[in-house]
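Let's walk through this protein together, from its overall layout to a few individual side chains. Please keep the model open beside you as you read.

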Amino acid sequence: MISASYEDELDTASVVYFCDISEIPALLSKEWETYLSFLSSIEANKVQKYMFDDDKRRALVSILLQRWLIRKKLCIDNN
C-alpha cells in the first residue's frame with residue numbers, strides 16, 4: 001500500500017512516500033474498520049468528519065504514515 005524511494009536511513013536521504021488511495025478499501029468494509037481501529041477515538045473522529053471519501057482515506061493514510069515514520073526513526077517496535 002505505501003511505497004518508499006529507499007529502505008535504509010532516514011537521516012541521509014530525501015524520501016518521498018506515496019500511496020494510491022484508490023487501493024484503500026471501501027469505507028463500509030471490515031478492512032476500513034480495522035484501519036480505523038489503529039487510531040485513537042479522537043483521530044478516528046477527525047478522519048470520519050471529512051465529507052468526501054477520498055479525503056477520509058488521505059487523512060487515515062497521513063496519520064498512519066506519520067506513526068510509521070516516527071517508529072522507524074526512533075527504532076521502536078511496531079507494537
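The paragraphs below go from the fold to the core, then to the salt bridges and the surface.

A word on the ground rules: this is a predicted model, in which local features need pLDDT of at least 70, side-chain atom pairs count only at pLDDT 80 or more, and totals for chains, interfaces and linings use all residues. Residues are numbered from 1 along each chain as its sequence is written, and side-chain values use heavy atoms, with hydrogens and water left out.

Begin with the outline. The protein chain has three helices and two strands, where helices (H or I, at least four residues) and strands (E, at least two) are DSSP runs numbered from the N terminus. Read from that end, the order is β-β-α-α-α. Of the 79 residues, 25% count as buried; buried means under 20% relative accessible area, exposed over 50%, and partly exposed in between (1.4 Å probe, protein chains only). Among contacts (heavy atoms within 4.5 Å) between residues at least 6 apart in sequence, 46% join residues at least 24 apart.

Now look inside. The largest nonpolar core has 13 residues, and those with the most contacts inside it are Ile-24, Trp-32, Leu-36, Leu-39, Val-47 and Leu-60. Helix H1 (30–37), H2 and H3 are the elements that give two or more residues to this core, and H3 gives the most, with five. Such a core is a set of buried Ala, Val, Leu, Ile, Met, Phe, Trp, Tyr and Cys residues joined through side-chain atoms within 4.5 Å.

Leaving aside neighbours within four places in sequence, Trp-32 is in contact with residues including Ile-24, Leu-27, Val-47, Gln-48 and Leu-60. Gln-48, in helix H2 (residues 41–48), also touches Leu-36 and Lys-56. With 33% relative accessibility, Gln-48 counts as partly exposed.

Next, follow H3. This helix has 21 residues and reaches 30 Å from its first C-alpha to its last, close to the 30 Å expected at 1.5 Å a residue; the expected span is 1.5 Å times one less than the number of residues.

Which charged side chains pair up? The whole structure holds three salt bridges, each a side-chain nitrogen of Lys or Arg within 4 Å of a carboxyl oxygen of Asp or Glu. In one of them, Arg-67 meets Glu-43, with the closest N and O atoms 2.4 Å apart. Because Arg-67 lies in helix H3 and Glu-43 in helix H2, this pair ties together parts that are 24 residues apart in sequence. Another joins Asp-54 and Arg-57 (3.2 Å, N to O), and both lie in H3, three residues apart, about one turn of the helix. Arg-57 counts as buried, at 12% relative accessibility, while Asp-54 is partly exposed at 36%. Asp-55 and Arg-58 form a salt bridge too, with the closest N and O atoms 3.0 Å apart.

Finally, turn to the segment after H3, where Cys-75 is found. Its phi is near 55°, a positive value in a residue other than glycine. Cys-75 is exposed, with a relative accessible area of 72%. Ile-76 lies in the segment after H3 as well, and counts as partly exposed at 45% relative accessibility.
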